[in-house]
Amino acid sequence: MSKPVEITNENFEELVLNATDPVLVDFWAPWCGPCRMMGPIVDEIAEETPSIIVGKVNVDDEPELATKYNINSIPTLLLFKSGAVRNTLIGLHTKQDIINEIF
Amino acid sequence: MYDCIIIGKGPAGISGAIYISRSNLKVLVIGKDDTALKKAHLIENYYGFENPITGEELFEIGIKQAEKQNIEIKNDEVIDIKWNDNFFTVITVNAEYEAKTILLATGKSRNSANINGLKEFEGRGISYCAICDGFFYKNKKIAVIGSGEYALHEAEILKNISDDVTIFTNGRELPQNRSIEVTNYIEGKIDAIKGKEKASKIVLEDNTEYKVDGIFIAEGTASSVDFAKKLGIFLDNNNIKVDENMQTNIPGIYAAGDCTGGLLQISKAVYDGAKSGLSIAKKVKNI
């Protein structure tokens, strides 16, 4: 059982870019309704998929990361492998859709 | 605070209101008169009418039936719904109301803009939610596509983020007696939204081009599907997903009628309204 980690500009390189396992990053904000519904789904994926690291970026706190990865709609999920973005999923999706489309 | 606010006063909304009211709960129905039912010339396949009835007549009879049962109905346009911890705030052009539960019953969304490039750039410079995505366009050039009170409301939210907000009415006129005064609007018909990685310009049919950083879609009257997208309600093929009790994935928000897909028939809308009304009554009473 693992929980999502909070990703910041400071720990991004260490936790995401240098990770040996794939990293699923959820860009979200507390004032975004669809993000509020997506949060528990991302938590479930973290619990059920120990082979990946799941992280969350609060765009309110970390606007630099959102700009760097051209995020202009939330929620957005990015899948990183070996330090590079391998897949992107924009908007609210069911757990099954996320698993089917992003992995 | 209302036990339930119903958005839409067609067959689904009014049926829901009757069941909720008969459970001795406080219900408010808010809607405009522009229902799809009015477009039905003669209805001959609905139970109980010996002679065909027009959609408009049936719509009006439904409202009168509810009024006779002392159900509160307001002729107003809902432009936003806010989800608080234990209740919802419904914002209309004229007022704000609070409720424990919401029933979305606005009918099927028929106002999605059919503009070249719209689908292509969704999530890449095109958004349906000013509150969610306005953040990414701070002090940038923002366009709102739409011509009603809903578009004015979205533009107003975005004006807190940028001074450069223009409404593109796409060939329509802004409301005559509008609630918010706007000066920055363009009335030409839109030919396409263009860009490379993301949407970057709006091209009108007369070939005039406008550079933009972000485009927000708010066409027509906000529908149940528009509210669903902002709130985080799951959709399936642009229909609202509901469980066996007509509840969406947000506890306390229900949906009924055409906006949930399936048969676009009065009989189905009436069933949905009844089912959701009973489910809402059970939820509010904690049965």
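What do they pack against? Packing here rests on contact, with C-beta atoms placed from the backbone lying within 7 Å of each other. The element names are DSSP runs numbered from the N terminus: helices are H or I with at least four residues, strands are E with at least two.

A word on what you're viewing: this is a predicted model, where local features need pLDDT of at least 70 and side-chain atom pairs count only at pLDDT 80 or more, while totals for chains, interfaces and linings use all residues. Residues are numbered from 1 along each chain as its sequence is written, and chains are lettered from A and ligands numbered from 1 in the order in which they are written.

Next, color the sheet. Five strands of chain B make an open, parallel sheet in the order β7-β14-β8-β9-β10, where pairing takes at least two DSSP bridges between two strands. At the edges sit β7 (126-127) and β10 (185-186) of chain B, each pairing on one side only. Zoom in on β8 (residues 142-145) and β14 (residues 214-217) of chain B, which run parallel over four bridges. Find B:I145 there, and opposite is B:I217 in β14(B). Now bring back α4 (residues 149-158) of chain B: this helix packs on the sheet, touching β8, β9 (165-168) and β14 of chain B, and its direction makes about 165° with that of β8(B). That angle is between N-to-C directions, on a scale from 0 to 180 degrees, using lines fitted to C-alpha atoms, for helices over the stretch in contact.

Zoom out and color by domain. Chain B splits into domain 1 (2-110 + 222-284) and domain 2 (126-217), with bounds from an automatic or database domain assignment. Their C-alpha centres are 29 Å apart in chain B. Where they meet, eight residues of domain 1 of chain B are in contact with eight residues of domain 2 of chain B. On the domain 1 side, α5(B) supplies the largest share, three residues.

Now jump to B:D272, in helix α6 (residues 266-284) of chain B. Buried or exposed? B:D272 counts as buried, with 27 C-beta neighbours inside 10 Å. Select B:S15 too: this residue is 257 residues away from B:D272 along the chain, yet their C-alpha atoms are separated by 8.2 Å. Setting aside neighbours within four places in sequence, B:D272 is in contact with B:A12, B:M246, B:A256, B:G257 and B:T260.

Last stop: show both chains. The contact takes 18 residues from chain B and 16 residues from chain A. On chain B's side, α3 (130-133) and α5 (224-231) each supply at least two residues, and α3(B) gives the most, with three residues.

Key
Two residues are in contact if their C-beta atoms, placed from the backbone, lie within 7 Å. A residue is buried if 20 or more other C-beta atoms lie within 10 Å of its own, exposed if 12 or fewer, and partly exposed in between; C-beta atoms are placed from the backbone.
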